[in-house]
Amino acid sequence: MRGWPTVAAANPNAAHRSLADLQAHGKLAGVITQNVDGLHSAAGSPDVVDLHGNLHRVRCLDCAGTFSRADIQTRLEAQNPDLRDIEVVLAPDGDAQVAAEFLEGFVLPLCPRCSGERLKPDVVFFGENVAANDATAAMARVQAADALLVVGSSLMAFSAFRLCQAAHRAGKPIFAINHGKTRADELIALKIDIPCERALPLLCNLVT
Ligand SMILES: [Zn+2]
């Protein structure tokens, strides 16, 4: 509840915008992302595969309904007015550290559909599996593509690494723009170690 406004206010950067531009010019078939902030879609990339889900949605673990986070946020704040102004420590992942004493009176919003009590951000938490339909959609994108461009990922999550394995097995070249080592270094044909916010606009200028 306290971390969300920061996430919701985030804007796409030059890397997000360049990928959308590349796609608009027919130079990129599609975007598969491990990010959960929705910024590729906000930048204009169509049909993004959100491999690890999307923080803009909330899912009910009882009835599997999905709801807009903005709507759930409105309920959270209305039901917990005392928590709106207390001091919190914001974490880079969108969480906020709240002192335990403030949590005792916390009022859970119920599922708008089934009144269940188990709502969660519709993202893949550490240790959870990627949703089968997202994994399938991502693999289909790779199979339809001529090549794979990895941007800003160490590929440590198997859900992303396996896409590189599939591309490599199919003889498709893999390029990466990434700082530091990736799990797929042995499969990558060319790696550029400069920030993607710089590299992608340059690439975009070259080919569009
Ligand atoms: Zn429900």
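Let's start at the metal: a zinc ion is held by the SG atoms of Cys60, Cys63, Cys111 and Cys114, at 2.3 Å. Donors here are N, O and S atoms within 2.8 Å of the metal (3.2 Å for Na, K and Ca), and since water is not among the atoms, sites may look incomplete. Keep in mind that this is a predicted model, where local features need pLDDT of at least 70, side-chain atom pairs count only at pLDDT 80 or more, and totals for chains, interfaces and linings use all residues. Residues are numbered from 1 along each chain as its sequence is written, and side-chain values use heavy atoms, leaving out hydrogens and water.

Why is the arrangement tetrahedral? The 4 donor atoms subtend angles of 107 to 114° around the zinc ion, and four donors count as tetrahedral if all angles lie between 85 and 135 degrees. For four tetrahedral donors, the ideal is 109.5 degrees. Along the sequence, the donor residues follow the spacing C-x2-C-x47-C-x2-C.

Now look at two of those cysteines.

Next, follow strand E3, residues 53-60. Strands are DSSP runs of E, at least two residues, numbered from the N terminus, and two of them pair if DSSP finds at least two bridges between them. E3 runs antiparallel to E7 (residues 119-123), joined by 4 bridges, with glycine 53 partnering valine 123. E3 also pairs antiparallel with E4 (residues 66-68) over 3 bridges; there, arginine 57 partners serine 68. E3 and E4 make a hairpin with 5 residues between them, and alanine 64 in the turn has a positive phi of about 65°.

Technical notes
Four donors count as tetrahedral if all angles lie between 85 and 135 degrees; four count as square planar and six as octahedral if opposite donors are over 155 degrees apart and all others between 65 and 115; anything else is irregular.
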